[in-house]
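Hi everyone, thanks for coming. I'd like to walk you through one model today, so please have a look at it while I talk.

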Amino acid sequence: MTLRQGFDPLILTATGLACRRGERVLAEGLEFTVPSGGILLLKGANGAGKTTLLMTLLGALRPASGRFAFEGVDTESAFIHFLGHRNAVKPHLTLAENLAFWASVNGGGGLSSPAALEAVGLGPVAGLDAGYLSAGQTRRLALARLLVTPRPVWLLDEPTAALDTQGEAMVAALIDAHLTAGGLAVAATHLPLPLRSARVGELRLDP
Amino acid sequence: MNVENTSKQSWWTRIAHPGQFVAWSRRLLVPLWIATAALFVLGLWLAFFASPEDYQMGDTVRIMYVHVPTAWLSQFVYGVMSVSAIGTLVWRHPMADVSMKAAAPLGATFTALALYTGALWGRPTWGTFWEWDGRMTSTLVLLLIYFGIVALWRAFDDQLRAARIVAVFTLVGAVNIPIIKFSVDWWATLHQPASVFRLDGPTMPGSILTPLFVMVFAFTALFLTLHLIGMHTEVRRRRVMSLERRLAQRGAA
Amino acid sequence: MIDLGPHAVYIVWAYLGVAVAIAALIGFKLVESRRLSARLAALETAGADRSATHP
Amino acid sequence: MMSAFTAILLRDLKLALRTGGDWLTLALFFVMVGIVVPFAIGPDRELLSRLAPGIVWIAAFLSVLLGLDRLFRADHEDGTLLLLRLSDLPLAGVVLAKLIAHWLLTALPLLAATPLLAVMLSMDPPAFLRAVVSLLVGTPGLVALGTVGAAVTVTIRRGGLIAPVLILPLAIPLLIFGVGAITTGPGPDQSGTALLLLAAISLIAVAVTPFAAALAITSAED
C-alpha cells in the first residue's frame, strides 16, 4: 500500500492571504509555506475558516486579499485532490464502479481500483452498492479515490471524520506514504493525526 | 496556480467603492430630481396643450407620449442590466452588482406600464385591449423575464454570490431577447391577416415628435433618479446586513 | 383643459395609471431608502459604543 | 479528456437506469398531459387534430421542465460537482456531457411515447412524422435552456420551483417554431422554414449553454 511514484519537488506559499465565503471574511493575514513531503494541519474552532481556506487553495473561492502559489508543478493540468465533508459517493453504484468513475475522470495512473479498495480495507465488499456502506466505510471509499490517481497536492477536510481509531491510523499511514513520495498536504483536523512524518506544520485559525 | 489579489487602490475603484460611491453620487440626486420634474412639466404641457391631434390617430396619439417612453425604458433598463452584468462578471465590480439589482424592479414596472398603456391605446385604435401582435407579445415575454430575474434575486440569501449568477442569467436573457423578438414577429405574421393597423406606416410630423422626445427624456431621467436611489438603498442594505452579522457574531462570542 | 375627443376615457386612464404607478414606485423607493438609512444610523451608533446586544 | 467526458455521460445514464423510474415517469407525465387535454376541450376529433401540435409541444415542454432539478442537484449535494472541477476536463465539458445524458434520458422517452399521443389526438401520419422530427430537433435546445436554469438555481434550496419560471419565457421561440414545424396552415406551407429556424435556435442554445452553465456553477460556490 505504498505509492511508488515520486512527485517533482513543489512548494506551496501563501503571503497575507485572507479568505472569504460570500460576504464574510473568515481568516486574515495567513502566512505559510508547505514544501514537498510536508503537511500543514489547520486547527481552530468551528467557523474559523478551515474549510474556506481549503476551498480557496483548491481554487473554488477567490481570496479576499493576499496571494498563494503552488510552485514547481504544472498548473495547467489538474494536480489537486480534495477530500471534503461530502464524499461524492453515489449510493447506487458499486464501490468498484465509484472508483472506476473517478479513475476515468481524473486519469488513473495510480493503484488499480481493487488495490485501492484493499488499501483502505474495503477489498471484500468491492462489488457491493455503495449505499450499503456505513458512514466510516463511505469515508474510506472517498479516501480510495485519492489513491487511484496520483496527484501531488492533497487538501483534506477532516479526513478522519466518521472513522474509528484503526481508520485514523490508516489515514495517517496513507498521508505518510503520500508525503514520502514527495507530495504535500493541507489537512483540517480536530483530532491529532498519528503521523510519523517529521515535516508537520500547524496553523491555528481564530474566528 | 498563482492568485494575485485584485488591488483596490486604483482611483477608479476607489471612486466606485460602495461607501464612496454613495458619498459622491448623493450630490447628483437633487439636480436629477429637478431635471426630471422640469422635463415632465415641459413634456406634459407639450403633450396636452401644444400638440395637435394626429390626422389619422386622433386624440389617442396622446397615449403615445407615455407609451413610447415606457416601451423605450423597458428595453433601455435591460440594456443597463446587461452592461452591469458584464461589469459584474468581467471586473467583479461591486457597484455593478448593486446597479443590476436596483434596475430589475424598475425595468419590470416600466415594462408593465408599457403593456398597460399599449392596451389602452390599442382599444380605440385596434378595437381590442390585447392583440397578439409581435411588439406587444415580445414586451410581454420581456416582462416575464424581468419577473424571473427579480425572483432569482430574492431566492438567494447571499447577495454577493447571487450577483454573478444573476449576471449569467441576465446575459443569457440578453442573447435570447432578439431571438424572441424575431420568433414572435414571425409567429404574429403567420397567424394574422396583414390588415391590422401598423404604427410604422406614416412618418410622424415634428409636432408629435417634439413632445415624444421630451417625454422620453423625462422618463429616462426619472429612471436614472430612481436607479440611483435604489443603488444607494442597496448599498445601505448590504452595510446593514454586514453590521447585523457582526453584531450577531459578537453576541455569540 | 383641452378637448380630448371621443376617446378621452382611454387617455385619462392611461395617464392616471402611469401616474399612480410611478407615484407608488417613487414613494416605495423613498420609504425604503429612509427606513434603511435609519436602521443603518441606529446600527452604527450601537456599534460605536460597543454596548449593543444582538438585535 | 474524452474518456472523462464519456465516463460522466455513461455514469449519468447508468445511475438513471439503475435508480429506475424517473425517465419512465417523465414519459408517463408526457402522455398524461396529452390525455388530459381532450377532457378539457371535449372529444371533438377535428378540433383535437388541429390543436395536436400545440398539445404535443406543451406536454414536452412541461415534462422537460419537470425533470430539470435532477440535472445538477444530486451531484452538487454530494460534492461530486466540486470534484469534477478539479479534473482536466473543463467544466463546460462536464456540463455538455450531463446535458447529452439528460437529453437521452428525458427527450428520447418522450419521442418513444409520441405515437401514443398521435393516435389519441387523431394526428394524421404526415403530421405525426413532422411532430417526431420537430421534437427531435427542438428538444436539445429545450434541454439546453433547462440546463442553464438548473445551473443558475443549483445552490438555491427551492431551486426546483424557480428554474421553470426562469426558463419558460426564454423557451418561447422553441415552442413557436416547434409547433410551426408541425402545423401546415391554410396559407403557404411554412413548416420547412420553421424547422430550419428551430434547428438554428436549438443549435445556438446547445452551443452557448455549456459555457453559461459552467460560469453559473463556478460562481455558485464563490
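A word on the ground rules. This is a predicted model, so local features need pLDDT of at least 70 and side-chain atom pairs count only at pLDDT 80 or more, while totals for chains, interfaces and linings use all residues. Residues are numbered from 1 along each chain as its sequence is written, chains are lettered from A and ligands numbered from 1 in the order in which they are written, and side-chain values use heavy atoms, with hydrogens and water left out.

Let's start with who touches whom. Chains C and D have no contact either, with 24 Å between their closest C-alpha atoms.

Now to chain B. It has seven helices and one strand, where helices (H or I, at least four residues) and strands (E, at least two) are DSSP runs numbered from the N terminus. Starting at the N terminus, the order in chain B is β-α-α-α-α-α-α-α. Chain B has 253 residues, and 52% of them count as buried; buried means under 20% relative accessible area, exposed over 50%, and partly exposed in between, with a 1.4 Å probe and protein chains only. Of the contacts in chain B with a separation of 6 or more, 79% are between residues 24 or more positions apart.

On to helix packing. In chain B, helix α4 (residues 94-126) packs against helix α5 (residues 134-155) at an angle of about 150°, their axes 9 Å apart. Axes are lines fitted to C-alpha atoms, for helices over the stretch in contact, and angles run from 0 to 180 degrees between N-to-C directions. So α4(B) is roughly antiparallel to α5(B), a label for angles over 145 degrees.

Over in chain D, the axes of helix α3 (residues 45-67) and helix α9 (residues 172-180) come within 9 Å and cross at roughly 145°. Which residues in α3(D) meet α9(D)? They are P53(D), G54(D), W57(D), I58(D) and F61(D), and their partners in α9(D) are L174(D), L175(D), G178(D) and V179(D).

Last topic: salt bridges, meaning a side-chain nitrogen of Lys or Arg within 4 Å of a carboxyl oxygen of Asp or Glu. The whole structure has 18 of them over all chains.

In chain A, R204(A) pairs with E202(A), at 3.9 Å between the closest N and O atoms, and both residues are exposed.

In chain B, R237(B) and E234(B) form a salt bridge at 3.1 Å, N to O. Both lie in helix α7 (residues 206-252), three residues apart, about one turn of the helix. R237(B) is partly exposed at 23% relative accessible area, whereas E234(B) is buried at 3%.

In chain D, D12(D) and K98(D) bring their closest N and O atoms to 2.8 Å. This pair links distant parts of the chain, 86 residues apart, with D12(D) in helix α1 (residues 2-19) and K98(D) in helix α6 (residues 91-120). Both D12(D) and K98(D) are buried. Shared partners join K90(A), R11(D), D12(D), D75(D), D78(D) and K98(D) into one salt-bridge network.

Technical notes: Contact = heavy atoms within 4.5 Å. Parallel < 35°, antiparallel > 145°, perpendicular 65-115°, else oblique.
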